[in-house]
Structure formats: C-alpha cells, structure tokens
Amino acid sequence: MKVGIPKGLLYNNYKPFFHTFFEELGAELIVSSDTNRDTLNNGVKYCVDEACLPVKIFHGHVAEIKDHCDLILIPRIMQLREREFICPKFCGLPEMVVNSIPDMPRVTMEPIYAMSKDRLFKWAEVVGHEIHNNKGRVKKAFEEAVQCQLNYKTGLNDETSPMKVALAGHPYNIYDNYINMNILKKLRKLGVGVVTEEIIDEDAKAKEIKKLYKRPFWSFARDNYSFTSIAAEKKLVNGIIYISSFACGIDSVVIELIKQNIEDFPFLVLKVDEHTGEAGLDTRIEAFVDMLERRSS
Amino acid sequence: MKITFPHMGNIYFAAKTLFGDLGIDYVIPPISSKASLELGSLHSAEEMCLPFKIMIGNYIHAIEKGADTVIITGSCGPCRLGEYCELQMNLMKRLGYNLDFIVIDSPNDIGAKELLSRFGKISSKSTLSKTNKIAALLRAIKVINLVDEIEAMARNKAGYEVNKGESKKILNECKKEAMNCSDGKSMIALLNSYKTRLENIEADKNKNPIKIAIIGEIYTVIEPFSNLYIEDKLMDYGVSTHRTLSPSWWLKNLVLSPINLNQLDIKRKAKEYLPLMIGGHARECIGEAVLAHDEGFDGAIQIFPMGCMPEIVSKAILPQISKDKDFPILTLVVDEMTGEAGYITRIEAFIDLLERRKDNVLSRC
Ligand code: SF4
Ligand code: SF4
C-alpha cells in the first residue's frame, strides 16, 4: 500500500507521528517535495480562488503525488486542545481537496482530535484499518508514533544573538521557506536572531491568555498572542515579525489583538500570497531591522 | 443605561418589542447603509470581515443617538464572530467611546451563572414583575417569528402574484407600520393582519416562476444592506426566493442544538458532501444547496463576505454538487468594494440561464 503524505500545512509539526504510524503499518510512503514553484502553480490551479496561500499550497502538494499513491493523508485537524479550534479550512480540508482536484485516490476523511491520546487513537483506528486488518498492529504503530512525536521538538531560539526578533505566525508560514521566502536566512544574514513561540512554556501562555476578556478559542491565536505579549513585556526580543497570509481570517483578528496589546513595541506584519514579490519583502525586512538597530544604539 | 445592538435583518422588530415592553431605554441604530459601512471600514482593520465593519458603523450611529450599552451574541464556534466582542470592545475604547458591552455567550463557555448575571444586568433595569418580563420576552419571540414568516411568504409569492409588485409593497408597508406600533401586543395584531393580507393576494397558481434558494454566510444573507438587497431585486424580476437562515431560525437552532434536534433535514442532506460542523454555517450552506435541488428549485445563490473562512470551504464543494445534480449555483462574494453594476449583471445573467434551462425542459416534453 502506498500512502501519500503532502508536505503542506502542519506537516512539519507532526511529521514524526504520521511517518512512524504509516511506516510501522508497513506502508510505502510517497512524500511530496518541499514547496516549490510547481507546488504553488498547481495549488493556484486547483484550489478555490478565495482561499489563503497555505491552503492553496497544500492542494499543490496533493496534486503532485495523487497519481502515485493508493491513499493520501489529509489531516483534518479539528482540535489540538480542549475547547479550542484550529481553523474552518482545516476542518473542511478533505472536502475542499476531493471536490477541487480531479481523479483523486482515496483520502483519509477521519477527523483528528488531539487533545487526548484516546481521542487521537480513534483516528488511528479508522485510518489504520484501511491499511492493516490487525488491530494489535495498529495499536502498536500508534504507540510508537505517539512516542516519536513526543520526542520531537520544533522551535527556534537564537539565544546568543545580540539582536533578536520574535517570529510569529502559523507554523507553516514560519517553517515553509518557500512561503516565507527564506526569511530565516535573510534575518540571520542581517545579524538578527530568531525565536519562536515554543520558548514560552504552556503555563505562562495560559496565564497570559487569561488577561483577555474572552479566551481565544483558536489554538493559533492563543500561541501567538501569548508569545508576543510575553516577548514584548519581558523584552525577550528587540521586535516582532508576524508572517501572515492574505485572506486568513484568524490572523486578521490575532494581529489586531496583538497590536492593541503591545502598543508601540516594534512590530512588522508581512503578508504573503501568490503575488508577493521577494524584492518588496526584502526591503521591508531591511527597513525594519534598520529601525531596530537605531532603537538599540 | 441606554441599550443598542447591531442590526441583523428583522431583529430590530423583536428588540423594539422587548425593550419597549420591558420599559428599558434603547436605541435602534439607523438601518445599515453605506454610511455605516464607511464609518466601520474607516476604523476597522482592513481584513476584518464585512459584518464586523457594518456592526461598528451601527454602534457609532447608535452612540450618536445616546446609546451607552451594546448587546451582542458571541458564538463559540470556530469562527471569527466569537472573537468579535474582544476586538470591538477595544476598538470602541480606543476611539474614545465609553460603551458597555453585554456579551451573550453560550453557557457552555462562560457558565450558566455568568450568563444569568449578564441577562440580569439587562433585566434589572426593568421595573416589571418577573412574570411580566417573561411575557415581554415571549412577545418578542412571537414578533420575530411573525416578521420572518411574513417576509418569507412575500418573497415566495413574488413569483406568483397577479398584480406585479404587490407582495413587495405589502411587505414594505408592513415593516414600516410595525415600527409605528406602541407595544408588543399591537405589533403582533398588526403583523397578523398583514399576514392575512399576504395570504390573500391574488396569485396565479399556474405560473411556474423561477425559484432560487439564497444560501451562504448567515450575516450577509440576513442583513439586506450587506447583500445589496438581493432579495428585493429578485422580487422585481418576478423570481420566487427562499432562504432558510433568519433570526427566528437562529433562535430555534440555538434552543434545539443542545439536544441535537436542530435542523435534521439539512444535516442529513449535507452528509454526503460535508459531514462535520466546520464553523460558521458551512454545513447549512451545503445541506441547503442539496435540499433546494431536491425540492425543485431552479438554482441557488451563495453569498458570503470576502475572506469568510467557512464559506470558502463551501465554495470549494458547491461546484461538485452543481455537477452531480445538474443544479446551477451562483456565488457572490461581497465586500465594501462590491460595485452594484457588476453585481446586478451577474444576477441577471444567472436568471437568464435559469430561464433558458426552464424553456428547454418545457420544449423537450
Ligand atoms: S489559519 Fe489562516 S492561513 Fe491557516 S488555513 Fe486557516 S485561513 Fe489559512
Ligand atoms: S463566518 Fe465568515 S463572516 Fe462570519 S465571522 Fe466567520 S469568517 Fe467572518
């Protein structure tokens, strides 16, 4: 059995889990390439116009591998934590893909609720069954996969760098170098270190979020709001860069909440879509870094 | 305390009844208009969705008329509406307005006690006895059900009326006069009389008008200004329209959803294409599209504000439904830049298409 894994959206965050799970079940994995021009072109071709760049790119990854596998993983992540949500587009991702791309092989439709191991296992049971009849084997693959995932850490922390920015935004905008046009490299080349939300521990985030009248019910909002808030207040960084995609409804709210909260702390929002030019982006980053340097000198 | 609320379709009739009968001071913001939207856009982040902007416009207009307290509902589904209140509160504060917000949230999220205390904040301003307060609330519910029913009837009858424009005229008259009523009782009486009038307008049963279902994001289908009065326009073309989402639908859905008895038919119809709740009203949109086809409508029009996350998912699915069922669906995305001329051209072209399809079917048999 060939299982296709698109390298889009939260792939980078959960790859140990998915890779291990399918490999343990004896599936052959067909993984799409790192995002590139073709991925984008395919995404734009198949996906609804109004969608955001990351979702279009996800479509592009699926289109690349769809003819080479029997089953494609489309992680319909509904919830990562109790009483929090991800994004409507994640919840409807399999439907978006199968109704937009022609001649699709089978895809995983099962929703993922990752707030507890039990709930997550429901997904593994259904999907595992498509590959292997042996329940014990599915259970074992699941346990292995969870273990690998727990040992895996994402996050950047250029602690020693004298000048640092907090890089905020959805993980796929931060870790997909095609989407963000290599912002990491660009910043480091300018002598600016990068830290991401993983440096703040969960308790501190939870405490920070309590200060809002209404608890954000989006996990992305919670992470980014509390991260930027703490980073600004404790001066962990010199400035904040938020990478966002046009037409992201969640960011439109989160960015506003952040702006209102950090007041005049240096804050740059970079919005990307398929028309974003790299030169313009570079100029804005450089201008921002210049400003930070002036402030700190 | 002078209460106001954002507009959403016919809600203002119920609000007038409720606050009027309770004896609580209130302001109805001027009907949403270009001015409300411009005001709202001026002060909101560019990428906020259209409903947010129009609502801000409503608040500011209401403040100009003395309002100091807003009631809004925050839903805790995975969509932006639930996050509105926080941003709107901050925004109004930054603009220098001293506006109190009373957010009616689902008890699951804030706890039943907190919810009751928020309600209490409103009702304590009324000197009525508890029984009379409840009676006032029931009258308001009756009013919203009646207005929505009358409106639905008029929109449907527009396709069958013998005297062109009669249903629209009655509907408009009804709304105008209802606002002149002094209390809930008289409004209910008036609405009932208009209902009878509408029931009795001369209709041609043999007419086979074009029938269109209006589906999509709840605010933009319900609040007529935001969709450039599409239903009124379709009435002028002699098209019969139907829309499931309305304030009274929303209320009923709210009451029934904890026991899972809400809108069973829509859920069943949506199942094949979108089996899960994804936020907003995307599942309703899909279910209604399928239902409209099954019920013999000629087509459906999906409306949503630019950037609306759940409806973008619906939009990806609708073409497949359209193909599977040979059922035309037009999608209209609205925002502050929507130009009336282009918008109307698209609607007209769609009606033309539906008419041609109808003629073809007829000539074939
Ligand atoms: S969170 Fe934003 S960027 Fe991510 S899929 Fe949803 S709309 Fe797109
Ligand atoms: S459903 Fe659409 S319009 Fe409503 S809050 Fe969500 S994104 Fe905005």
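Reader: Why does Lys235(A) count as exposed?

Author: This is a predicted model. In it, Lys235(A) has a relative accessibility of 62%. Exposed means over 50%. The value passes the cut-off, so Lys235(A) counts as exposed.

Reader: Where does Lys235(A) lie, and what is its phi?

Author: Lys235(A) lies in the loop between helix H11 (219-233) and S9 of chain A. Its phi is about 55 degrees. That is positive, although Lys235(A) is not a glycine.

Reader: What makes Ala247(A) partly exposed?

Author: Its relative accessible area is 21%. Buried means under 20%, and exposed means over 50%. Ala247(A) falls in between, so it is partly exposed. Ala247(A) sits in the loop between S9 and helix H12 (249-262) of chain A. Its phi is positive too, near 65 degrees, and Ala247(A) is a residue other than glycine.

Reader: Why is strand S10 of chain A called largely enclosed?

Author: Strand S10 covers residues 267-272. Of its 6 residues, 5 are buried, so the strand is largely enclosed by the rest of the structure. Buried here means under 20% relative accessible area.

Reader: How do you know that S9 and S10 of chain A pair?

Author: Two strands pair if there are at least two bridges between them. Strand S9 (residues 239-245) is joined to S10(A) by 6 bridges, so the two pair. They run parallel. Ile241(A) stands opposite Leu268(A) in S10(A).

Reader: What makes S2 and S5 of chain A edge strands?

Author: The open sheet has 4 strands, in the order S2-S1-S3-S5 (chain A), with parallel pairing. Strand S2 (28-31) and strand S5 (106-107) each pair on one side only. S2(A) is joined to strand S1 (residues 2-5) of chain A by 4 bridges. Val3(A) has Leu29(A) in S2(A) as its bridge partner.

Reader: How do you know that ligand 1 lies between two domains?

Author: Domain 1 (2-150) and domain 2 (164-296) of chain A both give residues to the shell around ligand 1, so the ligand lies between them. The residues around ligand 1 include Cys52(A), Lys89(A), His170(A) and Ser245(A). Helix H3 (53-65) and helix H4 (88-91) of chain A each give two or more residues to this shell. Ligand 1 sits in the largest cavity.

Reader: How many residues of the shell around ligand 1 are nonpolar, polar and charged?

Author: The shell has 9 nonpolar, 2 polar and 1 charged. Lys counts as charged, and Lys89(A) is among the residues around ligand 1.

Terms used: Residues are numbered from 1 along each chain as its sequence is written. Chains are lettered from A and ligands numbered from 1 in the order in which they are written. This is a predicted model: local features need pLDDT of at least 70, side-chain atom pairs count only at pLDDT 80 or more; totals for chains, interfaces and linings use all residues. Side-chain values use heavy atoms; hydrogens and water are left out. A residue is near a molecule or strand if one of its heavy atoms lies within 4 Å of it. On a 1 Å grid over the protein atoms alone, a cavity is a set of points where a 1.4 Å probe fits but cannot get out, and a pocket is an open set with protein on both sides within 12 Å along at least five of seven lines; lining residues have an atom within 4 Å of a point. A molecule sits in a cavity or pocket if more than half of its atoms lie within 2 Å of its grid points. Domain bounds come from an automatic or database domain assignment. Buried means under 20% relative accessible area, exposed over 50%, partly exposed in between (1.4 Å probe, protein chains only).
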